[in-house]
Amino acid sequence: MEDFSVSTVEMVCLGTSMALSGLFFYIYRKKRKTVDKLNEAPRLPLDGELAEILNSTPGKCLQYVVIEGAVQPVGEPLRSQFQEGTVGVVQKLVLKEHKLVWNSLARAWTDSERIMHERINSVPFNLVGADRAAVRVLCPLEASGLDAEIIHEKFHQASYGFTDIISQYLSGEKPKGQLETEEMVKVGATLTGVGELILDADRTLKLRPPTNGSAFFLTPTDYEAMCLEQEGQATIWRVLASLCALAGAAVLLWAAQRYYRHLQARREQDRLRREFKGLAAGGDDDDDEEAEPAANACIICMSEPRSCVLLDCGHVCCCFSCFQALPHPSCPVCRQPIRRVVPLYQA
C-alpha cells in the first residue's frame with residue numbers, strides 16, 4: 001500500500017465505531033443474560049409452603065426466584081416530613097438547584113440543575129403474602145428498579161433585585177429556584193422481588209442480592225412488565241451495537257474504495273510509464289537522428305523532449321517525468337485540471 005494512507009478522520013471514526021460497538025454489545029449481552037435468567041426464574045407463591053420448599057432444598061437456598069408481596073415494616077416505619085400520616089420503608093429527600101447558564105456557543109440561555117442535598121433513609125421490611133407469610137428483604141438499596149412514589153414536590157422560586165440581575169448577566173448564571181422532593185416506598189405497596197432466597201437458622205425467609213452476580217430487582221411493577229422492560233432495554237443496546245458496527249463497516253468500505261481507486265491510478269500510471277519508455281527507447285535506437293531542437297524541449301526541465309499531451313486542454317509542454325513530478329494535476333501553461341495524459345507520437 002505504498003503512497004496510500006488512511007486519513008486521521010477515517011481512523012478516528014473507525015476506532016470510535018468499533019469501540020462503541022464493542023461496548024454496546026457487551027452491555028447487550030449482560031442485558032440478554034438478565035432477560036434469560038428472568039424467564040427461567042421460578043415464580044414462587046408467598047405462602048406458608050415456601051418455608052417447607054426451602055427446607056427441603058439442598059443448602060436451604062434458591063439462587064434466583066421471583067416473589068411478590070406487600071411491604072410491611074419490621075419495626076417502626078419512616079414518616080413523611082411533608083405529608084402527615086404517610087409512612088413507608090424507604091425515603092429519599094432531594095433538594096435541587098435550577099438555574100439558567102449562558103451558552104456562548106449556542107448564544108442562548110440553557111437550563112441547568114445541580115443536586116444540593118440528597119438523603120436516603122430506610123428501615124428493615126418484609127414482603128408479606130398469603131397466610132401472613134413474610135420474606136425479609138436484605139440490602140434493598142442495592143436493588144434495581146426500586147422506583148419510589150413522589151409524595152411531595154415543591155418549587156421555591158428565586159427572588160432577586162436590580163443588582164442581582166446585573167451580576168447574573170456578568171456571571172452568566174441566572175438562578176431559577178430550588179426544587180424540593182420527597183419519594184417514599186409506602187407501607188402496603190406491592191413489590192416484585194427477584195433475587196436469592198434463603199432460609200435462615202431461625203426459619204426466617206430472606207431475599208438478598210444473588211451471590212453469583214445476577215441482577216437483583218425490587219420493583220413496583222409486576223413480573224411480566226419487568227420482563228418486557230428488560231427485553232426492551234436489551235433490544236435498544238443491540239440496535240445501538242448494530243448501528244455502530246454498520247458505521248465501522250461503512251468506513252472500511254470507504255477506505256477500501258479509495259484504495260481500489262488508488263490501485264487503478266497506479267496501474268494507469270505504470271501503463272503510461274511503460275508506453276513512454278517504449279517511445280523513448282525507439283528514439284534512442286536511431287543514432288543518426290539529430291538532437292532534439294530547443295523549441296521542442298520540455299518547459300519544466302528544458303532537457304527532455306515534450307512527449308505527452310495534457311487533456312482536456314490539449315497542451316504539449318512537458319515530458320512524462322516532469323508531468324509525474326507536478327505537485328498538482330494542473331497544466332503548467334493554462335492551469336486547467338489534467339483529466340488524463342496521452343503519449344505524443346511524432347513522425
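Colleague: Where does the UniProt record put the "domain: RING-type" feature?

Modeller: The unreviewed entry lists residues 298-335. UniProt positions follow the numbering used here, feature names are shortened, and annotations may be inferred rather than shown by experiment. This is a predicted model, where local features need pLDDT of at least 70, side-chain atom pairs count only at pLDDT 80 or more, and totals for chains, interfaces and linings use all residues. Residues are numbered from 1 along each chain as its sequence is written, and side-chain values use heavy atoms, without hydrogens and water.

Colleague: What makes up residues 298-335?

Modeller: The span is 13% helix and 11% strand. Its end C-alpha atoms lie 16 Å apart. Helices (H or I, at least four residues) and strands (E, at least two) are DSSP runs, numbered from the N terminus.

Colleague: Why is Cys318 called buried, and Cys334 partly exposed?

Modeller: Buried means under 20% relative accessible area, exposed over 50%, partly exposed in between (1.4 Å probe, protein chains only). Cys318 has 0%, so it is buried. Cys334 has 28%, so it is partly exposed.

Colleague: Which spans does UniProt mark "transmembrane region"?

Modeller: The unreviewed entry gives residues 6-28 and 236-256. In the model, residues 6-28 are 91% helix and 0% strand, with end C-alpha atoms 31 Å apart. Residues 236-256 are 100% helix and 0% strand, with ends 30 Å apart.

Colleague: How do you know that the reach of H1 is close to the expected one?

Modeller: The expected span is 1.5 Å times one less than the number of residues. H1 (residues 8-40) has 33 residues, with 48 Å expected and 48 Å from its first C-alpha to its last. Buried residues in H1 include Ser17, Ser21, Phe24 and Tyr28.

Colleague: What makes the nonpolar surface patch?

Modeller: Ile236, Val239, Leu240, Leu243 and Leu246 make it, with about 460 Å². Val239 lies in helix H4 (residues 223-285).

Colleague: Why are Val239 and Leu240 called partly exposed?

Modeller: Val239 has a relative accessible area of 42%. Leu240 has 30%.

Key:
Patches are made of residues with over 30% relative accessible area and no salt bridge: like charges are joined within 9 Å, nonpolar side chains (Val, Leu, Ile, Met, Phe, Trp, Tyr) within 5 Å. Accessible areas come from the Shrake-Rupley method with a 1.4 Å probe; for residues, only the protein chains shown count as cover. A salt bridge is a side-chain nitrogen of Lys or Arg within 4 Å of a carboxyl oxygen of Asp or Glu.
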